[in-house]
Amino acid sequence: MTNLVEVRNLRIEAKTDSGRIVEIIKGVSLDIADGEIVALIGESGSGKTTVALSLMGHARPGCRITGGEINVNGKNMAALSEKQRAKLRGTDIAYVPQSAAASFNPSATIMEQVIEVTRIHRLMPPEKARKRAVELFRALSLPDPEGIGARYPHQVSGGQLQRLSAAMALIGDPKLVIFDEPTTALDVTTQIDVLKAFKSVMRAGGIAGVYVSHDLAVVAQIADHIVVLKGGEVQEAGSTTEILSAARHPYTRELLAAFEPKRRQAHADADAGAKPLLRIDNVTAGYGAVRDDGLPLIRAVNAVSLVVEKGRNLGVIGESGCGKSTLARVIAGIHPAAAGDIIFDGKQLERAASKRSQDQLREMQIVFQYADTALNPAKPIEDIISRPLAFYHAMNRQARTKRVDELLDMVRLPRALRYRRPSELSGGQKQRVNFARALAADPKLIICDEITSALDTVVAAAVIELLKELQRELGLSYIFISHDLSVVEAICDEIMVMYNGERVEQISPDGLKAPAHPYSKLLFSSVPKLDPTWLDGLVRDPELVTQYGHR
Amino acid sequence: MTMARAAASRRSLLGHSYNVVGVVASLVILAWTLIAIFAPYIIPHSIGDIVDDDYFGPMRQALWLGSDYLGRDMLSRVLMGARYTVGISLAAVFIACFSGVVLGMVAAVTGGWFDTCLSRFLDAMNSIPSKLFGLVVVAAVGSSIPVLILTLAVIYIPGAYRFARALAVNINTMDFMTVARVRGESTAYLIGSEVLPNIIRPVLADFGLRFVFIVLLLSGLSFLGLGLQPPLADWGALVRENIGGLPFAAPAVIVPSLAIASLTISVNLLIDNLPQKIRDRDA
């Protein structure tokens, strides 16, 4: 046996609730050599996590491994009994889940959970395990390696927790570690620390890894080989440089192309002297008890001003917790501001949505990040889109049916989709319905709160293209809130950088190469690039990192 | 394992999958409902007539279910009893669930003072033991069908309210509620169109469960002599008046007990085995 992992012709089936059997993995084969990191990349539903989990002999409920061989370290995981597999898990193969926050037990200390593997498999006495854990904490460059084990999971940050779950996986000295999108939920500035830590530990220990991700740029930094999956089949496999420089398969090219979104052409017809559509002055909002000065205890948005001109787009960018979503909710009146003015279309708006007039509400629409929760799961698409038509425009049934057709055409969805429910649509389709509902109101301004963050790269790029087209046709303005610089860059005329509830800087996309404010510098330099040498070559100003990075 | 077994006994029809247990349970409920509606036309004897020479007579050709402690036809009395048990319980559970669910959804959607005051008031109501409450009301105003219905409804409103509110609070945090609010929708639209469709299944299950509770409470009250007054009798009252037949193993005491059991167990089984819509459409 030459390779640590040899998967041959793997087949996995799932059973739907009507008893129909669907093959979700259709004959996948892959090899992983000792000490090598292989990335599984593909959009959601491509089967990348299913393949990764099968390496542990695990199939999620309702799924079944029906064919093929999964040889890991000379043992066929598909043929072993559950008891034999359990013996290998944690010692031969370990798993790092996507959401470390959801995978830790909130009522036990971190150390107890990290050394649990050694206790279950009786690998070493607890004293020795603790020492080993502290070594791992140090290797993963966690702050205070001696003391962090005594804390509870909620007392450390998301990036630290993700590294701690890697420590948990590594303590049993596995030969293979499976990383399931471990940095997807993290901010770019945090992601870098986590990636660096993973890379150095894996390299030092000569451990093989499987890295599941949909982010090609992240994968480029950490993987030796890339396997591109789609629809449960391997589309293309090769070394990282091969895939990045000379991708042969159209789907891989599409993935690569989504990385370089076309810059929006500045509006020629947008006259410079146009009145601003929305102006907000010194708006402050937050949470907690209101103090004597009328301001809340915790200010999520602190004295922010901005201007959106007709037919132009403003991007708001910043990491999680910087107050960008609160800003969107303040403008829409969902979370009334504590101080400041909101002037929309020449008129001062009430701070709370409930006090605004119906027309004011209609002209400003908000689209939320998660289409799953923004669409009522109990209603068909037709009802969802036609409600604003009935509510704002008092259309009769016939007119509504016609308009729903037009709106579905506008967002490039087949008309037959109107009878379906949200749960029967894909993520991208749901987001389009979400957007069609906002369009149904005939708004002047649409606030987009991270609308592409929950989507796959290729799908997100298509949604952005759609937004641009609709803007050309309908003369809309967008406020585009995101943590993803490339998305904002692709669609916005002006970009506002937020940090800690305050506006740090406002720049045009052309000025992105040379931001003036140190935080913008750190943020922009942290966005991963497709170049595989980027992470190793990245030098960050340590002062900036200590000042702004949430390690 | 349970999943595999459930899947094996499921049949599909009209885009829904059915379970054999659920079908049998619904047939039992349907039978009792039909009996409740048509009882006056199908009973062989009037419920007050003494038709047997002996009391606690055995089952035989002439009297299928024997006779009661006065020698009246047991079959007729059980069939008519279905009318009162099912009718009163159904009316009470409708009032209880309708008011409870509407109040619960409104409280969850409006929040604030309305929610706090209503919740505390209904919690206080909930703390009164139900049988005791029933005893006090019936002792104070006397027993009649409307009084029984209202008392039973009032006893079960707080539970329905709590249940619906807990479900609606979860729905209320969803983004589509925010979208509807920012659109300027009224509370009536919010609860009727956005919240209700999402909680209707558990609410229906709760409806069934509460129906069972009410049947049992009504039977309990009747057993204590506070329910329907003679010669009318619901199933609880039938058990009580024939309890003297227990040493003789008379069918008169067993049959109404079986009737109560068959109805309540069927409702419970139906709730657990409601037909499920098959979401996998492109099969």
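Which residues touch the most other members of the largest nonpolar core? In this predicted model, they are Ile447(A), Ile479(A), Leu152(B) and Ala164(B), out of 154 residues in that core. Helix 3 of chain B, residues 74-110, gives this core its largest share, 19 residues.

Let's look at one of these residues in more detail. Leaving aside neighbours within four places in sequence, Ile447(A) has contacts with Ala328(A), Ile331(A), Ala332(A), Ile366(A) and Val367(A), and also with Ile479(A).

Now for the domains of chain A. Domain 1 covers 5-257 and domain 2 covers 276-529. Taken over C-alpha atoms, the centres of domain 1 and domain 2 of chain A are 35 Å apart. Where the two meet, 12 residues of domain 1 of chain A are in contact with 14 residues of domain 2 of chain A. On the domain 1 side, five of the touching residues are nonpolar, four are polar and three are charged. The helices below each supply at least two residues of that side.

| Helix of chain A | Residues |
|---|---|
| Helix 8 | 188-205 |
| Helix 9 | 216-222 |
| Helix 11 | 250-257 |

Finally, a helix in chain B is worth a look. Helix 5 of chain B runs over residues 130-141, 12 residues in total, and spans 17 Å from its first C-alpha to its last. That is close to the 16 Å expected at 1.5 Å a residue. After helix 5 of chain B comes Gly142(B), with a positive phi near 85°.

Methods: Residues numbered from 1 in each chain as written. Chains lettered and ligands numbered in written order. Predicted model: local features only at pLDDT ≥ 70, side-chain atom pairs only at ≥ 80, totals over all residues. Domains from an automatic or database assignment. Contact = placed C-beta atoms within 7 Å. Helix = DSSP H or I, 4+ residues; strand = E, 2+ residues; numbered from the N terminus. Nonpolar A, V, L, I, M, F, W, Y, C, P; charged D, E, K, R; others polar. Core = buried A, V, L, I, M, F, W, Y, C linked by C-beta atoms within 7 Å. Buried ≥ 20, exposed ≤ 12 C-beta atoms within 10 Å, placed from the backbone. Expected span 1.5 Å × (residues − 1).
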